[in-house]
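Reader: I would like to learn how to read contacts in a model. Where do we start?

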Amino acid sequence: MQVKIENLSYSYGSKKLKVKAVNDICLEIKEGEFFGVVGHTGSGKSTLIQHLNGLIKVQKDSGKVIVGEYDLTDKKCDFKGLRAKVGMVFQYPEYQLFAETVFEDVKFGLKNFYPNLTEKEMEERIKKAVETVGLDYEKIKEKSPFELSGGQKRRVAIAGVIVSRPEVLVLDEPVAGLDPTGKREFVSLLHALHNDFVKTIIIVSHDMNLIAENCDRVAVLNKGNLVKVGTPKEVFMDKVKVEEWGLELPSTAYLTEKLREKGIEIDSDLTIKGFIDGYIRAKGGEK
Amino acid sequence: MKDVTFGQYYPSHSFVHKMNPAIKILLTIAYIVGVFLVSGDNYYAGFLACVVFVLIATITARVPIFRVLKSIKAIIFFVLLSAILQIFFNKDGTPLWENGFITDKALIASGFIALRIILVVMGASLLTLTTSPVEIADGTEVLLAPLKLVKFPVHEFALIMSIALRFIPTLLEETDRIIKAQQARGAEFEGGIFKKAKAMIPVLIPLLIGSFRRADELADAMDSRCYSGSKNRTKYKKMGLTYRDAISFIITGGLVAGVVLLNGVVIL
């Protein structure tokens, strides 16, 4: 499913006190992309992505959002069908758990979207989802989600989103509050999903290393405006601009910058592997 | 959900806003008592005095009059109901037409009942428009101070009140977030009342758990700063009495006294 945003604007507040959160954004995210959205706090990232599954409705005369065959500006748009296809993981998703058991909680979304599945089919899909996020299904299914550890809770919450097998997965600050190991595991989970049924991943993060390492393309928002779209290399190339947007450089870009001052030019895509290869090339060494 | 604002505080630096909240609450109560005391032969004059009082208060508070009138909208049904009941069931006076069931006195009485409710609500909403929730909590603490004599934990009561008020916007924001998260999982909040109530469970449980978590965190934060509501606790913002309070006290006192005198007989 392709995501297409045309001249989208959104403003909060009353007629008198209008605050523009998103201003005239045009953006296209192709199927299969691992797409990053970055920006300073209050730059409109959350507002933008919440448009993608209709949690925020497109305001009148404020542009268009089209996701696959769903035209979100259409009054008759099937939002439920859309939300089954576009999964959304919010910041601290563990705070949305509510059911008595892990099984019931994961089932919630599935039952909402596909009420016609048989119990057996449902259980199969729940089992698959729980195992995909790296939890032991048999051990955990009857447990209360509230007696789990923080990391496990988050996994259960994510299982509750991916159980409906969304084609597009949107994540808002998914690694906030995770320890380094948790972060690493989470990223590999994302890649595993990306290789499976999730075709497009859209991730909002303040962690530039995560963005540079994993995203095919990045969009930068600043004060509600889309100021740059491109590969991590294109986005983080201009240090002055990056600081102007209120962001920081990923470590690889920072090192590239520092080494350039020392007279060493490294050409890389800003992933760690790419950076090392670039360094070896610059040093004239063999791989 | 974001549009829900609790209270209706209208920020300004007016005379009324700067009054001591305790005095303001006290005078509002006095005014309401005054409105209810109006009776007897000179009730026209009594009501006129109250209307003038409320208008002067609104003007000195620099609150747009429509904001004050807006509060009446919420109780308009109640006002109409009491007025209509009065018209139909008051049998005093002479019928307006032959064999009619509506009497002249009933009509007047219903008008004044409506006016009385409107005046009371206007006064009360003027208080909440000019006093922030935190100030109201502070004022309540001062006014309830005498209850300390009977060992009522006044300070703790006021603290609970201000904490509750402080967390209302936070909880609204949280509710908004959880609703969105569950909507993203296909939850629907439309439909009949029964369906709606059932749909609220996935929202209320996380909200409740979140509140307990917050309460715990807040208690820890207060503990770690050695909070105790002990006797020797001083205030960051001391609210003394100023000339504003004195003037308002005299004017409101005059209103109540005037109403009582106009009644001819002292009912108290």
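Author: Start with polar contacts: pairs of N or O atoms within 3.5 Å, where within protein one must be able to donate a hydrogen and the other to accept it, and residues adjacent in sequence count only if both atoms are side-chain atoms. Chain B and chain A have 5 residue pairs in polar contact, both residues at pLDDT 80 or more. On the side of chain B that touches chain A, α6 (154–184) and α7 (193–224) of chain B each supply at least two residues. The largest share, 7 residues, comes from α6(B).

Reader: What are the conventions?

Author: This is a predicted model, in which local features need pLDDT of at least 70, side-chain atom pairs count only at pLDDT 80 or more, and totals for chains, interfaces and linings use all residues. Residues are numbered from 1 along each chain as its sequence is written, chains are lettered from A and ligands numbered from 1 in the order in which they are written, and side-chain values use heavy atoms, with hydrogens and water left out.

Reader: How much area do chain B and chain A bury between them?

Author: The size of an interface is often given as the accessible area lost when the parts come together. Here chain B and chain A bury about 1,800 Å² (1.4 Å probe, summed over both), with 58% of it on carbon and sulfur atoms. Chain B gives 16 residues to the contact and chain A gives 22 (heavy atoms within 4.5 Å).

Reader: How many salt bridges cross the interface of chain B and chain A?

Author: Side chains of opposite charge can pair when their charged atoms come close. The rule (a side-chain nitrogen of Lys or Arg within 4 Å of a carboxyl oxygen of Asp or Glu) finds 2 across this interface. K80(A) forms a salt bridge with E188(B), with the closest N and O atoms 3.0 Å apart. Over all chains the structure holds 19 salt bridges.

Reader: At what angle do α1 and α4 of chain B pack?

Author: Two packed helices are described by the angle between their axes and the distance between the axes. Helix α1 (residues 21–37) and helix α4 (residues 104–130) of chain B pack at about 175°, their axes 9 Å apart. That makes α1(B) roughly antiparallel to α4(B) (over 145 degrees).

Definitions and conventions
Axes fitted to C-alpha atoms, helices over the stretch in contact; angles between N-to-C directions. Helix = DSSP H or I, 4+ residues; strand = E, 2+ residues; numbered from the N terminus. Parallel < 35°, antiparallel > 145°, perpendicular 65-115°, else oblique. Buried area = accessible area lost by both parts, 1.4 Å probe.
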